[in-house]
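Colleague: Before we use this model, I would like to go through the words used to describe it and ask what each of them rests on.

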Amino acid sequence: MSDTSSELSLPVSDGGVRIERVVTSGTFELDGGSWEADNNVWVVGTDDEVVVIDCAHDARAILRAVGHQRKVTHLLCTHGHNDHINAVAQVAAAVRAPACIHDGDRMLWDAVYEVAPDQTLEDGQVIQIGDVELHVIHTPGHSPGACCFYAPALGVVFSGDTLFNGGPGATGRSFSDFDTIVESITDRLLSLPDDTVVLTGHGDHTVIADEAPHRQEWLDAHAASDD
Ligand SMILES: [Zn+2]
Ligand SMILES: [Zn+2]
């Protein structure tokens with residue numbers, strides 16, 4: 001037992017939709033570089049059916065978390081960086097569920113896979129899982145097709161690499177843009193209810209109200225960094 005602030009009791013909906021986190025490890029590769037990465041994989045659903053958000057690195061670990069009894073309805077990708085999608089084809093084949101990603105990240109998808117994704121995500125699309133709606137919010141900036149998934153009934157948003165505990169995701173590499181990510185966060189995420197829990201693509205969760213006051217600091221830090 002520990003009392004670190006990273007501990008969070010994840011919400012459960014009236015209909016029994018719960019959230020499970022699986023952390024997997026591998027490498028993120030872009031622009032000829034390679035970095036070690038621990039990724040959060042989110043399994044959201046009931047005893048009967050689930051969606052999986054970001055099939056990262058380790059299909060076996062993800063399939064173990066899903067279990068044999070539950071139907072997988074969608075494999076949702078927050079964006080196309082290889083560390084977030086590199087296990088999705090294997091999971092898709094095993095559970096016969098569609099891999100879904102925004103078309104804006106197709107060039108990142110195509111860097112990993114020779115076949116097209118099964119479905120494209122659109123801003124405003126709603127994916128139903130049990131009694132919970134997952135609203136697709138297109139939040140370009142970290143990548144052109146980055147999306148967050150907002151579950152009002154659970155009071156959580158799955159933010160991928162758009163918003164972390166501590167600020168915006170990285171925008172220093174190809175296909176990323178700082179001004180665009182800040183606009184996405186400001187318009188689409190900081191406008192969510194203050195107590196919305198942000199479940200991130202890497203590391204600890206945060207809360208909208210804990211990030212919103214720091215927006216000017218992000219801008220100042222970026223202006224000083226000149227990248
Ligand atoms: Zn990323
Ligand atoms: Zn990432």
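Modeller: Let me begin with the term contact, which holds for two residues whose C-beta atoms, placed from the backbone, lie within 7 Å. Among the contacts in the protein between residues at least 6 apart in sequence, 56% join residues at least 24 apart. Please keep in mind that this is a predicted model.

Colleague: What makes the protein as compact as a globular protein of that length?

Modeller: The protein, with its seven helices and 14 strands, has a radius of gyration of 17 Å, and the globule rule gives 17 Å for 227 residues, so the protein is as compact as a globular protein of that length. Its C-alpha atoms fill a box of roughly 50 × 40 × 35 Å along the principal axes.

Colleague: Why is the set of 54 residues called a nonpolar core?

Modeller: The name requires buried residues of types such as Val, Leu, Ile, Phe and Cys, joined through C-beta atoms within 7 Å, and the largest such set in the protein has 54 residues, with V52, C55, I62, L75, V88, V91 and F149 among those with the most contacts inside it. Strand β9 (residues 147-151) gives the most to this core, namely five residues. Leaving aside neighbours within four places in sequence, V52 is in contact with V41, V43, I62, V66, V72, L75 and V91. In soluble globular proteins, nonpolar side chains tend to be buried together.

Colleague: How do you know that the buried residues of α3 line one face of the helix?

Modeller: The buried residues of helix α3 (residues 88-95) are V88, V91 and A92. Seen down the axis of α3, they fall within an arc of 100°, and therefore they line one face. An α-helix has 3.6 residues a turn, so residues three or four places apart point the same way. What covers the buried residues of α3 includes β3 (49-53), α1 (59-66), β4 (71-76), α2 (82-85) and β5 (99-102).

Colleague: What makes β7 and β14 the edges of their sheet?

Modeller: Six strands form an open sheet in the order β7-β8-β9-β10-β13-β14, with mixed pairing. Each of β7 (126-129) and β14 (206-207) has a single partner strand, so one side of each is left without a neighbour in the sheet.

Colleague: How do you know that β8 and β9 are paired?

Modeller: Pairing needs at least two bridges between the strands, and β8 (residues 132-138) and β9 have four, in the antiparallel sense. I137 stands opposite C148 in β9.

Technical notes: Residues numbered from 1 in each chain as written. Chains lettered and ligands numbered in written order. Predicted model: local features only at pLDDT ≥ 70, side-chain atom pairs only at ≥ 80, totals over all residues. Helix = DSSP H or I, 4+ residues; strand = E, 2+ residues; numbered from the N terminus. Rg over C-alpha atoms; globule rule 2.2 N^0.38 Å. Buried ≥ 20, exposed ≤ 12 C-beta atoms within 10 Å, placed from the backbone. Arc of directions from axis to C-beta.
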